[in-house]
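Have the sequence and the 3D view open while you read. The sections below go from the overall picture down to single pairs of side chains.

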Amino acid sequence: MAGDQVHVLSALDGAKTQWYHFTAIIVAGMGFFTDAYDLFCISLVTKLIGRIYYTVPGSSRPGSLPPTVSAVVNGVAFVGTLSGQLFFGWLGDKVGRKSVYGMTLMLMILCSVASGLSFGNTPTSVMATLCFFRFWLGFGIGGDYPLSATIMSEYANKRTRGAFIAAVFAMQGFGILAGGGVAIGITALFRDLFPAPPYAADPAASTPAQADYVWRIVLMLGALPAALTFYWRMKMPETARYTALIAKNAERAAADMSKVLQVEITKEQAGDLETVITIKSHTPPPSFGLFSGEFVRRHGLHLVGTASTWLLLDIAYYSQNLFQKDIFSAIGWIPPAPTMSALDELFHIARAQILIALCGTVPGYWFTVAFIDSVGRFKIQLMGFFMMTTFMVGLAVPYDYWTGQGHQAGFVVMYALTFFFANFGPNATTFIVPAEIYPARLRATCHGISAASGKVGAIIGSFGFLYLAQSPDPAKTAHGYHPGIGVRYSLLVLAGCSLMGFLLTFLVPEPKGKSLEEMSR
């Protein structure tokens with residue numbers, strides 16, 4: 001029986017990379033492409049929505065979303081994501097990964113389209129509709145985190161497992177680029193068709209009526225990549241580890257394995273699968289639950305480590321990402337709002353976001369893919385947190401220098417490097433490790449808990465940084481906001497979060513080169 005190496009679960013750990021692995025990366029990765037597109041494109045269009053629905057006639061400044069509305073619009077999808085991560089993570093362990101995988105994608109498709117619709121044309125009705133559908137959009141996106149990570153980890157071999165999971169997550173970078181690219185393309189088209197003067201020249205004409213279509217089209221197009229991969233996602237087999245170790249269906253597990261390994265497994269060999277798994281582990285797998293003392297003894301500190309590092313990472317990462325436009329405005333890289341029309345402003349914000357994504361975000365993701373299985377998760381996460389701390393301090397301490405005339409390019413380079421080391425660092429590893437270190441029957445649940453902790457951090461970043469980053473000078477704060485501590489001190493707070501993440505990384509084990517069964521003991 002030991003000679004039938006390709007016919008047992010350990011064959012997945014030693015298998016060569018198959019074409020199926022790349023197919024799975026694309027199909028699972030499209031969920032994260034949609035995730036990033038949907039979650040980050042809202043930061044592109046909030047200023048346009050503010051101009052359309054909240055401009056005060058006679059004001060010297062264009063309209064902007066009131067602080068509470070802005071916080072809710074940015075944060076409601078995160079609340080939905082947090083809920084979805086916990087619910088679908090638990091459900092994926094109970095009924096199977098594949099059984100609920102299509103459900104999350106369908107939810108994303110429907111709610112992306114619905115986000116661009118409105119039940120009414122008043123500011124209140126438009127914002128209420130947008131927030132309602134973005135919550136459920138986030139709920140679907142949340143389910144994709146534990147399911148995609150778990151499915152990819154259970155398909156992959158142990159030599160390249162980290163790279164495969166990282167490649168799925170790296171599709172977020174392309175989603176961010178797509179969000180900026182679509183916004184630029186739609187804006188350029190509407191600017192040519194409906195030219196408008198700057199706000200200072202003609203406040204009313206600076207926001208043409210057709211601009212209301214722009215933000216809706218940008219949001220609705222988020223459904224397209226998800227819809228294109230829905231069929232292939234529904235055709236994916238259940239993971240053999242779930243079928244064998246949790247569902248206890250050896251024959252079904254063998255059939256699922258044969259699709260991944262592209263090897264025909266006979267019915268007799270399938271019948272031997274359960275016996276081989278038991279012989280390999282010498283004892284029946286333990287049946288402790290999530291809230292048991294045995295789980296706390298084995299994995300309690302691991303869960304504290306994966307959850308806390310993800311939380312701290314997302315406080316820093318999302319606060320910077322969602323409010324790039326405010327930082328760029330503060331350093332003068334985006335012209336003052338009154339000097340632009342509504343569509344000009346959207347164009348400049350999208351262009352800045354694409355530049356940061358091209359220079360820092362996307363390369364960071366793929367550096368992780370290239371090095372994670374040689375350098376290891378632990379070292380990459382430590383390095384990433386350390387470099388994020390260093391660059392944020394480097395931005396904050398000489399902040400007056402960076403905002404001085406002629407130094408903005410240096411600020412942008414430093415800012416891009418914080419994103420590079422976030423993505424070639426903890427933004428990727430906090431997603432990968434929870435899918436590798438927990439038992440199969442609790443894997444998606446524990447990943448969902450860790451990811452939900454991260455979204456708590458994203459909510460803190462969304463709400464906290466919105467207020468903290470306001471200028472201490474009341475004359476320079478955005479309309480409707482109280483004075484804050486300014487961008488400089490906000491960056492120092494985020495540097496402190498990154499330093500704490502560095503220290504808590506020591507609670508997280510290194511899964512490099514080990515099978516999932518070894519890591520879960």
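What follows is a short tour, starting with the chain as a whole.

## Before you start

This is a predicted model, where local features need pLDDT of at least 70 and side-chain atom pairs count only at pLDDT 80 or more, while totals for chains, interfaces and linings use all residues. Residues are numbered from 1 along each chain as its sequence is written, and side-chain values use heavy atoms, with hydrogens and water left out.

## The overall picture

The chain has 21 helices and zero strands. Both are DSSP runs numbered from the N terminus, with at least four residues (H or I) for a helix and at least two (E) for a strand.

Of its 521 residues, 59% count as buried. Here buried means under 20% relative accessible area, exposed means over 50%, and partly exposed is in between, using a 1.4 Å probe and protein chains only. Now take the contacts (heavy atoms within 4.5 Å). Among those with a separation of 6 or more, 83% are between residues 24 or more positions apart.

## Around aspartate 144

Let's zoom in on aspartate 144, which is found in helix H5 (residues 123–155). Is aspartate 144 buried or exposed? It counts as buried, because its relative accessibility is 1%. If you leave aside neighbours within four places in sequence, aspartate 144 touches Ala28, Gly31, Phe32, Tyr101, Thr104, Met108, Ala149 and Arg233.

One of those partners deserves a second look. The side chains of aspartate 144 and arginine 233 are joined by a polar contact of 2.7 Å. That term covers N or O atoms within 3.5 Å; within protein, one must be able to donate a hydrogen and the other to accept it, and residues adjacent in sequence count only if both atoms are side-chain atoms. The charged end of arginine 233 also sits over the ring of tyrosine 101, 3.7 Å from its centre. For a charge to sit over a ring, NZ of Lys or CZ of Arg must be within 6 Å of the ring centre and within 35 degrees of the ring normal. Elsewhere, arginine 488 lies over the face of tyrosine 489, with 5.7 Å to the ring centre.

## Rings that pair up

How many aromatic pairs does the structure hold? There are 35. Rings of Phe, Tyr and Trp (its six-membered ring) pair if their centres lie within 6.5 Å; planes under 30 degrees apart count as stacked, over 60 as edge-to-face and the rest as tilted. Phenylalanine 386 and phenylalanine 502 make a tilted pair, because their ring centres are 6.3 Å apart and their planes are at 55°. Phenylalanine 386 lies in helix H15 (residues 377–396) and phenylalanine 502 in helix H20 (residues 486–504), so the pair ties together parts 116 residues apart in sequence. Phenylalanine 386 is partly exposed at 47% relative accessibility, and phenylalanine 502 is partly exposed at 22%.

Phenylalanine 420 and phenylalanine 421 have ring centres 4.9 Å apart and planes at 90°, so this pair is edge-to-face.

## Salt bridges

The structure holds 14 salt bridges, each with a side-chain nitrogen of Lys or Arg within 4 Å of a carboxyl oxygen of Asp or Glu. In one of them, aspartate 212 meets arginine 216, with the closest N and O atoms 3.3 Å apart. Both lie in helix H7 (residues 211–220), four residues apart, about one turn of the helix. Aspartate 212 and arginine 216 are both buried.

Arginine 297 and glutamate 294 form another, with the closest N and O atoms 2.7 Å apart. Why are arginine 297 and glutamate 294 separated by about one helical turn? Because they are three residues apart in helix H12 (residues 293–322). Arginine 297 is exposed at 59% relative accessibility, and glutamate 294 is partly exposed at 27%. Lysine 455 forms a salt bridge with aspartate 314, the closest N and O atoms being 3.8 Å apart. Since lysine 455 is in helix H19 (residues 443–468) and aspartate 314 in helix H12, this pair ties together parts 141 residues apart in sequence. Lysine 455 is buried at 1% relative accessibility, and aspartate 314 is buried with a relative accessible area of 1%. Asp93, Arg97, Glu154 and Arg443 are linked in a salt-bridge network.
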